Amino acid sequence: MKLRITNGRVIDPASQLDGQHDILISGGNIVAITEHHDDFTADQTIDASGLIVCPGLVDLSVRLREPGQEHTATIDSETRAAVAGGITSLAIPPDTDPVIDTPAVIELIEDRAKKAGRAMVHTIGALTQDLKGEFLAEMAALKAAGSVGMSNSLSPIKNSIIQRRAMEYAATLDLTVFINAFDPWLQDKGCVHEGTVSTRLGLQGIPETAETIAVSRDLLLIEQTGVRAHFHNISTARAVKMIQDAQSRGLAVTADVSAHHLHLCEHDLGNYDSQSHVLPPLRSIRDREQLQQGLRDGILTAVSSNHQPLDADAKLGPFSETTAGISGLETLLPLTMKLVDDDEISLNQAIACLTHQPADILGIEAGRLTIGGQADICIFNPNAQNECQPNNFISAGKNSPFAGWLFNSEVSHTLFAGNIVFEK
Amino acid sequence: MSSNQLTDSGQLRHFLTIEGLKQPLLTEIMDRAEQFSGITNRQVKKVPLLRGKTIFNLFFENSTRTRTTFELAAKRLSADVINLNINTSATSKGESLLDTLHNLEAMHSDMFVVRHSQSGAAEFIAQHVAPHVSVINAGDGCHAHPTQAMLDMFTIRRHKQHFPDLRVAIVGDILHSRVARSQIQALSTLGVGEIRVIGPKTILPADTQTLGVHVYHDMAAGLEGVDVVIMLRLQHERMQGALLPSAREYYDCFGLTDEKLKLAKPDAIVMHPGPINRGVEIASTVADGPQSVILEQVTHGIAIRMAVMSMTLGAQSEQQEVQA
């Protein structure tokens, strides 16, 4: 099928493209980005007047719940939600059930994703077998099967010698190590940021040091082992500073922040609102400001959804008994664009943080508009005026603290490999 | 602050936390309790205010004193009372907690008195009960124990004249104490001159001063010149997890002895929400001494709970009449 996207404002931060162009697509690939005057005859034309046309978004941390928790969500349901949010490439952490520590699990996931056929699902393999932090996973086999990196996900490796060797082994294979940094002892059973709100509500707090001590240890090990590493979901101002220092020392370290941490803080817990129960916890106003600053300064180079779909019961109970997590696929773009509306970051920065920058972290081709490259494209209206209604999410997880928020950005079309996989 | 414990006209619909309640309402509770405490001394200790009402005491966590005083309070108001001690392990999921509640609602209950080990549980239950049911928080996790705080205020008022002139010290495990949080809010709302908390850093919450208190780590300095000393119970499990080295060292540093009590004003009163650990946080001679009002607190608990129950159920029926 031949497709023309016309009259849109095409923005591709990777090639510093920003202007009124037509995108011509044939055979699933972009064949030209041109002025309107050409002799391309399209089977279908998308009129993108007033809309922004950018590369399909890339999300670094998405839980699809399959395999293991198909009663909550599936690869089919969540890739549907992803493309409704303009996301065409996503990476899933290894904490599925079974864990992504064998090529068979990768094959299963890729097979299901291919059947769904809407978005590219990349796997991050387990650093250690069954994420137990005891024995190294067969990283070479996982890499050969398609893993874009290795992680121990939400089960931090407590034993520092195992962490060091896992990094060394990953470095040997030129694999990126993805880290969710927290000290399990300091985090303990905490469920909110340790500060004025935890004190007032009588909830067990998670101190800032739960994150900074883990980041600090891992930065030193990264320096020692020379591994390339990425920190997921940084939540504290201090960790941003530590990562900045490491980057200026020349370490191959990147970091992302979740969209909700850029907008919410501990006070948004209100009166035990379980929808705001998330890990790492929503932190202080100052932390939130510094996360935005880190994005502006290019220390944090990606915004992720940290999508965790949950069923309704998981959020129904006294706060600390509810499950942490936010269904974020469908709010990733509007929340990031809200920072542009609020003059916190530029439009170019916002799109870069959602496209080629996360793609570069994963080491994948996506996130850019390349002639001859696969046509993964997101088209959105930046002036839509929409009220966020989680109950209308396409994701199986309706768990979001953003109900009632007014968003200006709304995805109108998503193309994956030249096919329209979502249309408003 | 609870969003839904007041009716549109500012009456108590539920009683979940002191936070957000205004001074006149706290005074009204104490005035009402004052009226009820007269009844307690009569031969027939009953009034028919809540005749025909059904009150469930839902205790997801063990308690003797609190449950008993709630039961007595309800019976003196002529309500029917049903006590349920619910094993928390059977209801560790929110879903079954709600199922339990909805089943009890179906038995036409009018009020739930709830104690639960998780902070925010009473608020959660209040958000999900049928509109005709009132919820009274009898202690939720480390968050709030508002009737205890009110009976403490009532006790202070019986002994001291004017709240703004008072200096009050709360000693011990503030971090895990729902009683302390509610007391601090009540004392602040009633305009107490100075609230002090005294304890080692391990059992004080982060940013304690944001609660509106002065923090002391030295017992002698903290007790200097205070009018009221409130001792908190130290749970034995605090020795685990390295919060404290030993009960002996705690008693040496933070236990209230006759000697330390001399640093407070000569007419200072000593309070404790109970149950007391003699020789851990308080010396027997102090607990049983002339300045102790600990048993009075227990007695006042009945009147305060009668006041709160009658006020919430009264507001509840008013609200329903307005809506009908």
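**Note on the predicted two-chain model**

1. Helix α11 (residues 347-354) of chain A is mostly covered, with six of its eight residues buried; a residue is buried if 20 or more other C-beta atoms, placed from the backbone, lie within 10 Å of its own, exposed if 12 or fewer, and partly exposed in between. The buried residues of α11(A) are Gln349(A), Ala350(A), Ile351(A), Ala352(A), Cys353(A) and Leu354(A). Helices are DSSP runs (H or I) of at least four residues, numbered from the N terminus.

2. The model is predicted: local features need pLDDT of at least 70, side-chain atom pairs count only at pLDDT 80 or more, and totals for chains, interfaces and linings use all residues. Residues are numbered from 1 along each chain as its sequence is written, while chains are lettered from A and ligands numbered from 1 in the order in which they are written.

3. As to confidence, the predictor gives the complex an ipTM of 0.91 and a pTM of 0.93. Chain B has a mean pLDDT of 91, and 94% of its residues reach 70 or more; pLDDT is the predictor's confidence in each residue, from 0 to 100.

4. The contact between the chains takes 19 residues from chain A and 27 residues from chain B, two residues being in contact if their C-beta atoms, placed from the backbone, lie within 7 Å. On the side of chain A that touches chain B, helix α6 (residues 196-201) of chain A gives the most, with four residues. That side of chain A comprises six nonpolar, 10 polar and three charged residues. Ala, Val, Leu, Ile, Met, Phe, Trp, Tyr, Cys and Pro count as nonpolar, Asp, Glu, Lys and Arg as charged, and the others, Gly among them, as polar.

5. Within chain A, the axes of helix α4 (residues 160-172) and helix α7 (residues 209-225) come within 10 Å and cross at roughly 45°. Axes are lines fitted to C-alpha atoms, for helices over the stretch in contact, and angles run from 0 to 180 degrees between N-to-C directions. The contact of α4(A) with α7(A) has four nonpolar, four polar and three charged residues.

6. In chain B, the axes of helix α5 (residues 146-159) and helix α6 (residues 178-189) come within 8 Å and cross at roughly 50°. α5(B) is therefore oblique to α6(B). Their contact divides into six nonpolar, three polar and one charged residue.

Key: Helix = DSSP H or I, 4+ residues; strand = E, 2+ residues; numbered from the N terminus. Parallel < 35°, antiparallel > 145°, perpendicular 65-115°, else oblique.
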